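Where inside a folded chain is space left over, and which parts of the chain surround it? Rolling a probe the size of a water molecule over the atoms shows where empty space is left.

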Amino acid sequence: MSLSSALSIAQSALLATSKQTSVVSRNVADASNPDYTRRIAVVTSTAPGARAVEIQRAANDLLFRQNLSALSAWSGQSALYNGMDQLDLSVNGVDNASSPSTAIANLQQSLQLYATTPSNQNLGTSVIDAAKQVVNSLNSGTKAIQDFRTQADSQISTAVNDLNSLLSQFQDANKAVISGTRSGTDVSDALDQRDAILKKISEYVPVSTFTRGDNDMVITTKDGTTLFETVPRSVTFTPSAGYTAGTPGNTIYIDNVPVSAGTGDTTADGKIAGLLKLRDGVASTMQSQLDEIARGLVTAFAETSSSQPNAAGLFTWSGAQAIPAAGTLIDGLAGTISVNAAFDPSAGGNPALLRDGGANGAAYVVNTGGASYSDLLISYGNKLDQPMAFDSSAGITVSSSVSDYAANAIGWFEGVRQQASTNADSKQALAARTAEALSNDTGVNVDQEMSLLLDLEHTYQASAHMMKTVSDMLDSLMAAVG
C-alpha cells in the first residue's frame, strides 16, 4: 500500500467518523423530543479504502400505525367522557341534588304531608313550592343541555378549522419529503415533521395511510374517505348559533362525504366523533328523557271529569291545548312546563284547588267543601308511582311510573358515563403502550448513544494516529530525498 493510499484511507475514516459522531450527537440532543426518530449512520465502502456515511431513520411503520389508531381512540374517548362529566354536573348537579328525580321525590313528600292535614293551606303552598322546584329542574336542565349542545357545536367548528390547518401543514411537509427524496438529500427531519403532523391529525379523525413513489403519502379516513392526496381535501362544517330541543346538528363533510360519529353512546374514534356523539347523541337523549318526564307530570296531575276531556292541572306547558298523547315524545316540553297559575298563590291562584279540583271549571270539582278531604291528593301521589307509557326513542324503559322513570334517567346516564370512563382508561393505556413500544423501537436510548460515542472517539483517535504515522513517514522520506 502506498503512503498516499494510506493517507486517503485515514482521511476518509476521519470524515466518516466525524459524520457518525454528528449523527450520534444529534440523537442525544433530541432524546427528549417525542416526535424525533433515531438516526443511524451506516458506513459503506465506495472504493478501496474509501468510506461514505448514509443516514437512515429507525422507522417502524407497523408500530407507528398502531400508535396513530390508539391516539385517535384515546382523543375521541377523552372528549366523550369529559363532556359527559360536564353535562352531568350542569343538568343534575352534585350528587344529583338538582335532578328532576330529586325534585319529584320532594314533591311526593309534600303531597303526602298535605294529604295528612288537607285543611292546612300552608302545606298546600308547600306543595306548590315543591312543584316549582320540579319545574325549575326541568327548565334549567333543558337550558343546560341546549347550551351544552351549542358549546359542543362551537368546539366542532374549532376542531374542523384545526384539522384544515393541519392538513395544510401536512402538505408543506409532504412536499419537502418528496423534493428531498427526488434530489437524494437527507429527508429525516422532513419525515419527522410529517409524522408529527400526522399524529395531530389522527387525534381529530382516525386515519389510514399509504406511501407512493418518492415517499409521497396519501391519507384516508378509516371508512375510506380521502383526506389528503397531493393536496388536502376540504373539511367543511356550518356552525349553529344556538340549539333548541329536537333541533338536529349540522353535518361535517370531508371532500363532500358526510362524517359519521359511529354507533353507540359510549365509544368514539377521534375528537370530532366524540363531540358529535355528545351533541347529537348523549345530550339529545337526555333532553328527550326530560321531555318525557315533563309529559308524565302533566299527565299525572291532569284534572279529570266524567263529562269533559282531561285538562291540564297542577302542571301545564306552553301552547298546551290538551293533555299530551300517551307514549308520544314532545320535543322541548321540559323547557316550557310550568306550574298552573290557578294553583299558584303568588300569581293569585288557590292551592286548595289541588285538594278540591276545579281549576278548569265546575265540571272538574271533586270536593265541594270538606276541609279534611284527601282522596284527590292521595290519588295524585299514587299516579306518580303508577306505570304509564313512554316513548322508546328516549332510550329507557317504555313502561314505568314517572318517579321511576326520572330515577332511571339518572341510572341510564350513569351507566353510559361509567362505560365511557372505562373505555377512556383502556384507550389511554393502549395509547401509552403503543407510544412506549414505538419509542423503544425508534426512539433514542441515551446510554446506548453515549456508548457508541465513546467507540467513535476511539475510532477517531486510531484514524488520527494513522494520519500522524503516515505524515511522519512522509516527512522522513522527504528529509531522506533532500
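Helix 6 (271-300) gives the largest share of the lining of the second largest pocket, namely 3 residues, where helices (H or I, at least four residues) and strands (E, at least two) are DSSP runs numbered from the N terminus. A pocket is an open set of points on a 1 Å grid over the protein atoms alone, with protein on both sides within 12 Å along at least five of seven lines, whereas a cavity is a set of points where a 1.4 Å probe fits but cannot get out, and lining residues have an atom within 4 Å of a point. This is a predicted model, in which local features need pLDDT of at least 70 and side-chain atom pairs count only at pLDDT 80 or more, while totals for chains, interfaces and linings use all residues. Residues are numbered from 1 along each chain as its sequence is written, and side-chain values use heavy atoms, with hydrogens and water left out.

The second largest pocket has a volume of about 320 Å³, a volume being the space filled by probe spheres set on the points, which are joined across faces, edges and corners. Its lining has 21 residues, of which Pro206, Asp223, Val259, Ser260 and Asp269 are the closest to its centre.

The largest pocket has a volume of about 650 Å³, and Thr37, Arg57, Phe64, Asp195 and Leu438 are the closest to its centre among 32 lining residues. Helix 5 supplies the largest share of this lining, 6 residues.

The model also holds 1 cavity of 30 Å³ or more, with about 100 Å³ of space in the largest cavity.
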